[in-house]
Amino acid sequence: MVDLHARRSLRTVCSEVLVLVVSAFVHSIAFPGLVSAHGVGFIAFVSLIPVFLVIRNTTWKLTPVYGFLYGFMFYLFFNYWLKTFHPLAILIVPIIKGGEMLMLFPILKAAQKLFRKYGYLVESLVYVAYSYLSQDWFAGYPYGTLGSALYQYLPLIQSSEIFGIWGVNLLMVLPQTFLAYHGHAYLKDRSVSFTSTLRSHRLVVIAYLILFVANLIFGLFSISYWRGQEPEKTWRVATIQHSADTWKGGYATYKNNFNNLRKMSLEVLGSDPDIILWSETAFVPSVAWHENYPSDPATSALVEEFVSFGKSLPIPLVTGNPEGVIDDPDLPPLLSDGSWNRKDYNTVIFFEDGKIKNTYRKQHLVPFTEHFPYEKQMPWLYNLLLANDYNWWEKGHESVVFETEEGVRFSTPICFEDVFGYLNAGFVASGADVIVNMTNDGWSKAVSAEVQHLGLAVFRSIENRRTTVRGTNSGMTCVIDVTGKIVDPMEPFKVGWHIYDVPVFTGEVHGLTFYTRYVDWFAFLSIYLSLILLAGASLYHLYLFFSRRKHTSS
């Protein structure tokens, strides 16, 4: 005889799995990706509702499994372009994010169970806390942060100068946990109307509506205010987008790239810029290494030619260039086994007045591809990464602020460093008046990958009320003003140069924003409140459990 209950359970599980997979795909559409290179941001206001509903409806045993499934599938859809970087990358990221959500889903379910009627409020706090914690560890990865889907909806994200992106996350996730709560109640009892649910939670609904409208009014006022402000300076920046193929190397490639960069830099001088900006690792052979330990004559000559060019320019040049230094000072540069006694930093070089005036070393390295600190703990994974041609950079530790002779102070987050709020706030707090991001996303071969990066960078300008200039190899080269508006982006994957008149708002006149002074405070508040509420509710339920047992036994 067929067990009808088992069949029904299997049908339920299959339907829940289907809902999660479809929801993962729909949620990915909110961001730049497969369907739209710029994303359909408003979808992110509803795309998580089925996920919270499944967590409410399913069993405790299936919750972590569903968490892994959803995290894996969402990042498989969202970061499809990682397959271009390396076959391992398209597996590593979804597995990591799946692992994070494997832990997140049971905590969300605990919030629902422990608080019942108002569990959706705690769920929202837990989700915001997760959003921060998921990017605040070695493999931290902010791509896919809920609020970044609204990078084009400027009036809704201006409050980031106070709350960071975390306040936007809360405003977006709270209605979704609430609607999932109502959906669950309706599935259990079809007589439960939405009107009755609103009435039962009217204080929360009214408070949310007030906050949403206040956020919108604040956003509109902020945009009007900042667009009415006169900058202290206008900095004329020339960006060179040489759109080089990242996968090609060797002397001939480096020579050709340098010739293209030099040619366009000389052309742009006729437009009277104040500074020339190349991209991350635009010139690949290490100046520091070849000047101190010349080995290959042709490459050393190319380095000398590049340095002479940088020093000869009548205006400053900022460019990415790896910095090779001796690893073990007690050993010679060339070791007995034929390998080099060398370590490298991903570095920015600042030329001015006929010299290399200063450098900046990248502080936040890309996990697994630029940095893996667990060689001793996980030697199998370390060796697997090495076998797949991953090479490690060393970490920098200083938030360098460059200053031109004209008095413009700027810092240069390298590549995905501009997706981290804390790092850019640190630059601004150290005195930077302009954020100059230097990026090479060309390896992705996807405009959507470049726009995903850009969407996160928008928040850095708003959080700190500082203009961002993005100088990239192949996109998205542009300016982001202090309201988050993307100004005059260059066509991606196209060779060319562009002049940007960059408004400079200085700290002396405009000070520091609340976010810059108290970095990620709202994220920390969400974490602490989540811990306190979950721990307190757990203890309370334990107390009730033992009280009932005691009462029953007596």
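**Notes on a helix pair and two residues**

1. Helix α6 passes α9 in a right-handed crossing (the near helix is turned clockwise from the far one by less than a right angle; helices are DSSP runs of H or I, at least four residues, and strands are runs of E, at least two, numbered from the N terminus). This is a predicted model, where local features need pLDDT of at least 70 and side-chain atom pairs 80 or more, while totals for chains, interfaces and linings use all residues. Residues are numbered from 1 along each chain, and side-chain values use heavy atoms, without hydrogens or water.

2. The axes of α6 (residues 119-133) and α9 (residues 165-188) are 8 Å apart, at an angle of about 140 degrees (lines fitted to C-alpha atoms over the stretch in contact, angles from 0 to 180 degrees between N-to-C directions). Residues in the contact (heavy atoms within 4.5 Å) include Y120 and L121 of α6 and W166 and N169 of α9.

3. On to S411, in strand β7 (residues 409-411). S411 is buried at 1% relative accessible area (buried is under 20%, exposed over 50%, partly exposed in between; 1.4 Å probe, protein chains only). A polar atom of the S411 side chain lies 2.8 Å from the backbone oxygen of V400.

4. D501 belongs to strand β12 (residues 496-504) and is partly exposed, with 47% relative accessibility. Beyond its neighbours within four places in sequence, D501 contacts T234, W235 and R236.

Key
A polar contact is a pair of N or O atoms within 3.5 Å; within protein, one must be able to donate a hydrogen and the other to accept it, and residues adjacent in sequence count only if both atoms are side-chain atoms.
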